[in-house]
Amino acid sequence: MAHPQALASAPDWAAFATACGACTRCGLSTARQQVVISRGHHQARLMLIGEAPGATEDAMGEPFVGRSGQVLDQLLAEAGLDRSRDVYLGNVVKCRPPDNRKPRAAELAACRPWLDQQIAWVDPPLIGLLGATALAGVMGVKSGLTQLRGQWLAGEGPVLGGRLLIPLFHPSYLLRNPSLAEGKPKWLTREDLRGAAARLRQLPASL
Ligand code: SF4
């Protein structure tokens, strides 16, 4: 599968999984157990993008299936979103960084074509960026997650243009800050997801 020529082609998720699953474009390929591609619905209208697989995801082959994934699933459910039907989940890098370190710029760049292909094929009008690494990796915004969190930003360029993106706290941060008291990070994230659910309900069915 080539890139970016494949962007506008009809989705072929089986070919994508085969090609991406064999990827050695960056050094993260050497220590992974498997490439962690996605979870959720290929035609979801909300895509959530996180940082990188952790140990559980590396072992199971799906993003957000560890403890932070359980936090995310809980908040999605409380926002009225079905994790299997309403969202498509992925990460800015698809292989686990050693010791769960942050992905490096070269690794983000190497993995970006896969993510761009996923965005183009899922074609979500709304994208949630989970954490500072996702915000930097997808939009190139390298600081200000706390200030930007909860704001809808207009995407630009051939892949993000026409979409709205919202920076959100990463679920692993919410694991360390579990209070649901009003104004706390977990409460704010639930409100953000409720806002996303409300926007989804307002979208024309064709989007
Ligand atoms: S992180 Fe992305 S670019 Fe690097 S080897 Fe894995 S799939 Fe390929």
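Predicted model: local features only at pLDDT ≥ 70, side-chain atom pairs only at ≥ 80, totals over all residues.
Student: What length should I expect for H3, and how far apart are its end C-alpha atoms?

Tutor: Helix H3 covers residues 67–78, which is 12 residues. At 1.5 Å a residue it should span 16 Å, and its end C-alpha atoms lie 17 Å apart, which agrees.

Student: Which residues of H3 are buried?

Tutor: Ser68, Gly69, Val71, Leu72, Leu75 and Leu76 are the buried ones. They cover an arc of only 155° around the axis, so they sit on the same side of H3. The face turned away from that buried side carries Arg67 and Ala77, which are exposed.

Student: What covers the buried residues of H3?

Tutor: The cover includes strand S3 (87–91), helix H8 (171–176) and helix H9 (185–202).

Student: How do I describe two packed helices?

Tutor: You give the angle between their axes and the distance between the axes. Here, H3 and H9 pack at about 50°, with their axes 8 Å apart. The two helices are therefore oblique to each other, and H3 passes H9 in a right-handed crossing.

Student: Which residues of H3 and H9 meet?

Tutor: On the H3 side, look for Leu75, Leu76 and Glu78; they meet Thr189, Arg190 and Leu193 in H9. Two of these you know already: Leu75 and Leu76 are also among the buried residues of H3.

Student: And what is the phi of Gly80, which follows H3?

Tutor: Gly80 has a positive phi, near 80°.

Definitions and conventions: Residues numbered from 1 in each chain as written. Helix = DSSP H or I, 4+ residues; strand = E, 2+ residues; numbered from the N terminus. Expected span 1.5 Å × (residues − 1). Buried ≥ 20, exposed ≤ 12 C-beta atoms within 10 Å, placed from the backbone. Arc of directions from axis to C-beta. Contact = placed C-beta atoms within 7 Å. Axes fitted to C-alpha atoms, helices over the stretch in contact; angles between N-to-C directions. Parallel < 35°, antiparallel > 145°, perpendicular 65-115°, else oblique. Left-handed = near helix turned anticlockwise from the far one by under 90°.
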